[in-house]
Amino acid sequence: MADPSQDLWVPPGPGVSTGLSVPVADLQERFSRSSGPGGQSVNTSDSKVELSLDLTATVALTETQRARALRHFGDRLIDGRLVIVASDHRSQLRNRMAARDRLAHLLR
């Protein structure tokens, strides 16, 4: 799983033959209360994570990659930002890691 304190690594694949590193500074996280899986702490902790990446401003993408990503994710973007929500786990850390994994998978 992707460590939320490090740059996001996207493994090599189509369109990113050498992989891609998204600087942690380009990622924004928001936390809120989750309605996810059980336990009392779900109601008292901010475990839901919204991870976003501004595709129009990130330094991680080349212009070709940026154009392709904007075309591909066009209907999912909010003001040029790709937003991933994770609330599967009771732990905020595990949700942060899950959101980063999902973002890496989408970018790949």
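Contact here means heavy atoms within 4.5 Å. The structure is a predicted model, where local features need pLDDT of at least 70, side-chain atom pairs count only at pLDDT 80 or more, and totals for chains, interfaces and linings use all residues. Residues are numbered from 1 along each chain as its sequence is written, and side-chain values use heavy atoms, with hydrogens and water left out.

**Exercise 1. Work out which residues Val22 touches beyond its sequence neighbours, and whether Val22 is buried or exposed.**

Step 1: Val22 sits in strand E2, which spans 20-22; strands (E, at least two residues) and helices (H or I, at least four) are DSSP runs, numbered from the N terminus.

Step 2: check the cover. Val22 has a relative accessible area of 1% and so is buried (buried is under 20% relative accessible area, exposed over 50%, partly exposed in between, with a 1.4 Å probe and protein chains only).

Step 3: list the partners. Skipping neighbours within four places in sequence, Val22 contacts Asp7, Leu8, Leu27, Leu53, Thr58, Ala60 and Leu107.

Step 4: Gln6 is 16 residues from Val22 along the chain, and their C-alpha atoms are 9.3 Å apart.

**Exercise 2. Sort out which residues of H1 are buried and which are exposed.**

Step 1: find the buried set. In H1 (63-72), Gln65, Arg66 and Ala69 are buried.

Step 2: ask why they share a side. These residues cover an arc of only 100° around the axis, so they lie on the same side of H1 (the arc is that of the directions from the helix axis to the C-beta atoms).

Step 3: look for the cover. Strand E2 is included in what covers the buried residues of H1.

**Exercise 3. Describe the largest pocket: how much space does it hold, and what lines it?**

Step 1: On a 1 Å grid over the protein atoms alone, a pocket is an open set of points where a 1.4 Å probe fits, with protein on both sides within 12 Å along at least five of seven lines; lining residues have an atom within 4 Å of a point.

Step 2: get the volume, the space filled by probe spheres set on the points. The largest pocket holds about 210 Å³.

Step 3: name the lining. There are 13 lining residues, and Arg68, Ala69, Leu106, Leu107 and Arg108 are the closest to the centre.

Step 4: assign elements. H1 and H2 (92-107) are the elements that give two or more residues to this lining, and H1 supplies the largest share, with four.

**Exercise 4. Find how Asp79 and Lys48 are placed in the fold.**

Step 1: The protein has two helices and five strands, in the order β-β-β-β-α-β-α along the sequence.

Step 2: take Asp79. This residue is in the loop between H1 and strand E5 (81-86), and has a positive phi of about 50° although it is not a glycine. Asp79 counts as exposed, at 74% relative accessibility.

Step 3: take Lys48. Strand E4 (residues 48-54) holds Lys48, which is partly exposed with a relative accessible area of 24%.

Step 4: bridge the sequence gap. Lys48 and Asp88 are 40 residues apart in sequence, yet their C-alpha atoms are 8.0 Å apart in space.
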